[in-house]
Amino acid sequence: MGRRRKKCRLWWPNNLFSQTPPNSSFLFGWFFPSSEVSLDVVVAFASDEPKITSSINPRSDLQEILQRINEKMPSLLQDKSKFSVLGYLEGGVSCNSQLVGSGNDKNKSVNLTGDEYQNTRKSNHRSGSRGCSKHGVVLEQCKHVALENMWIELVFGFSETLDGRVIVIPKLDHLHLNSERISHLDLHVIFYEVPTFGLHHYSLATRSSSNLVASPCKKPKWFDDLHKRDALPDLDSVIQAINSANAARVLFYGHCHAEPGLQFFIVCMFSFTWQLFAVCVASLSTAIYVVLQSSSILFSCLSHIYIDVILAKVFNSTVKNIQFRCCQLLYWPIFLQDQSLRSWSSVEFAEKAALHKHSMWSNVLVDVLLGIVFGIPLWFMAEPTWLWVTNFAHDFTNVWLRSGCVWLMGNPAGFKLNTELAGVLGMISLNAIQIWSTLWVFMGFLFPYFTKGLALCGIIFGLTSAAALIVDIISLVTMHVLALHLFLSLLYSTQIQAVSALWRLFRGIKGNPLRHRLDSYDFTVEQHVVGSLLFTPILLLLPTTSAFYIFFTILHTSVSFMCIVVEAAISFIHATTYAQIFLWLKTRKRFPSGVWFEVALCQISDAGAVNCGNPSPGELQKTDNGSSSSKSTILVSFLQSNYLNLGEVAWPENRYLLYSSFSKSSISSSAYGLLIGKSTLYAPGPSFPMKLPWIVIPWKEYWRLCRDSVYACREYPYSNSRQ
């Protein structure tokens, strides 16, 4: 069996050279040996001799520069490979008249045959012999700092004009790998767009992969054997290297460049302005911090007279939302703290860190803006709102409650109920409704003030706190409906249990509460007689109790459903990632989801090129014949990304809260409990995306924390403007 041909994937920036033929340059990047016959070479940037000479000052050599760059790379990338000098690209081919075509040509390529390439290299060598000494010094220094037994020599193969842009496609001259010189191998040139913070990056992860749940069952042995197969190319490390290419280039060129006088003055003015802005924001946040801490101390003092317990019981949702909003106001500088430069060197990690930093304050800002939109009109419309709510409460009490009870005391829907029991239950319900209505008539003068307080709560704490207060008020004003529902559910469940127990008596079995099962039992005659006397009236009175229970269960369930809808809206507002939505609307490329390759060109050794976009049968036959021979194959493709849609960006967090609050098991258990009268439907309460405990630190330290957090957001550390 013959020796397998080695393969090399060359990841090449599509904007590396803007002229054809390119100048001779040194290549910088990473080597990733995927297997014994496969190698990935990620080119971050290229630099010619003048740039390298200007970057190396007397205080630091090239090896120290590369070592400092490696220290700032992500740890995952450092474990796989080191940033180094990859090799050399020989350019300077003087055939521009043949390379550059008309601007109207969409795709135009120029190929160099083997003889032309050798003649060109000889002429270039003779013409550049005068400066070969300097070139040799730089070349020897680059080879000295390169990785051991790894060096690649490339030449200018041909250029391709795609969509009006000239793409320089390199060609392999030879490769030094493990003390072996390789000249013939299959080369796959993959062009990628250099990731830039705020514009785009690459990612192999998909949003659905983060929600996978591990299977609890034990895996069979053959499942573990699947992982013993030959590993696929380590694309994770390659993608991390591509995402770190821009940071490596900025660090290489920007470590020793001094800024001009005017630019330095502009930078100083911008830094001073940002410091002044950070001081103002920190002062305002510290004032809010002092107010919140004072309110917390006052609220804790009220615990001695149990006022805090009463407020927490009556206004449960409001207290939780206000406490969560106060914690958000306390924690925003902690979330805004700058991460280490190592995490910012990869554009993918930098994007995730930026989204994490801006998630909290954007959520607070959107919530407060919605609260202002809700609160300001409500403040000026307090009187009309009070009149509308009063009319609605009057209609609800008279049309639904009183009329419904009177209807149940007669013959509802033609059913013949027990007149005496229906009269007793109806009078109890009407008296409870009348007492609660009279109480709210005396408390009605406070409602306009409550309306303005609701508007003020929305303006200060946001729409979620105002909505939570509405939920608590609805629960409070419908307390009589809940009381009647609980009373009737107790009566209904007791009758159901009595009927089922007596039915088991007639069958000769009884319940075993210790083992949760039914056991056979021999009852006496007296027990059967007493059971028969009790079974008949309880069974005949059950329809009357069921009618009242169903009526008040429907009313209470309707009220609870309204509260559940409002609390679901509160949870949705809290869980929605507004920063991601705004950034998606601005630049969708900041949310990649997987990669794919667009094959553009195939070339077999020095033969003609084959267009892989739509090849003909003859071209395919030519490709197959060439691949089977000793000639090398060059495949050219472009790295492309898939992107998340708006639903995939905003839905996962809300889906988690929805499934955690409203699962199928909880819904089925609640329905069964309502059927037998054992449970009452309550609003589960709002769900929060995270738990934030209350913090207490000195106000001076909090002020410094706010100032440093705001000042750290002034600039991305690896932006192109820093060069």
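This passage walks through a predicted model of one protein chain, from its overall make-up to a few local details.

Residues are numbered from 1 along each chain as its sequence is written, and side-chain values use heavy atoms, with hydrogens and water left out. In this predicted model, local features need pLDDT of at least 70 and side-chain atom pairs count only at pLDDT 80 or more, while totals for chains, interfaces and linings use all residues.

The chain has 723 residues, and 41% of them count as buried (buried means under 20% relative accessible area, exposed over 50%, and partly exposed in between, with a 1.4 Å probe and protein chains only). It contains 25 helices and 13 strands; these are DSSP runs numbered from the N terminus, helices being H or I with at least four residues and strands E with at least two. About 40,100 Å² of the chain is accessible surface, and carbon and sulfur atoms hold 63% of that area (areas come from the Shrake-Rupley method with a 1.4 Å probe; for residues, only the protein chains shown count as cover). Among contacts with a separation of 6 or more, 80% join residues 24 or more positions apart, a contact being heavy atoms within 4.5 Å.

Confidence comes next. The average pLDDT (the predictor's confidence in each residue, from 0 to 100) is 77 for the chain, and 74% of the residues score at least 70. Helix 18 (residues 463–477) has the highest confidence, at 91, whereas helix 4 (residues 96–99) has the lowest, at a mean of 36. Two stretches deserve a mention here. Residues 208–217 stay under 50 in pLDDT and have two contacts beyond four places in sequence. Residues 607–629 also stay under 50, yet the model gives them 27 such contacts beyond four places in sequence. Where pLDDT is low, the predicted coordinates should not be read in detail.

Y449 sits in helix 17 (residues 447–461) and is exposed, with a relative accessible area of 63%.

The structure holds six salt bridges, each a side-chain nitrogen of Lys or Arg within 4 Å of a carboxyl oxygen of Asp or Glu. One of them joins E348 and K352 at 3.6 Å, N to O. E348 and K352 are separated by about one helical turn because they are four residues apart in helix 14 (residues 347–380). E348 is buried, at 7% relative accessible area. In another salt bridge, D519 meets R517 at 3.1 Å, N to O, and R517 is partly exposed at 43%. D519 belongs to strand 10 (residues 517–520) and lies 5.5 Å from I509, C-alpha to C-alpha, although ten residues separate D519 and I509 in sequence.
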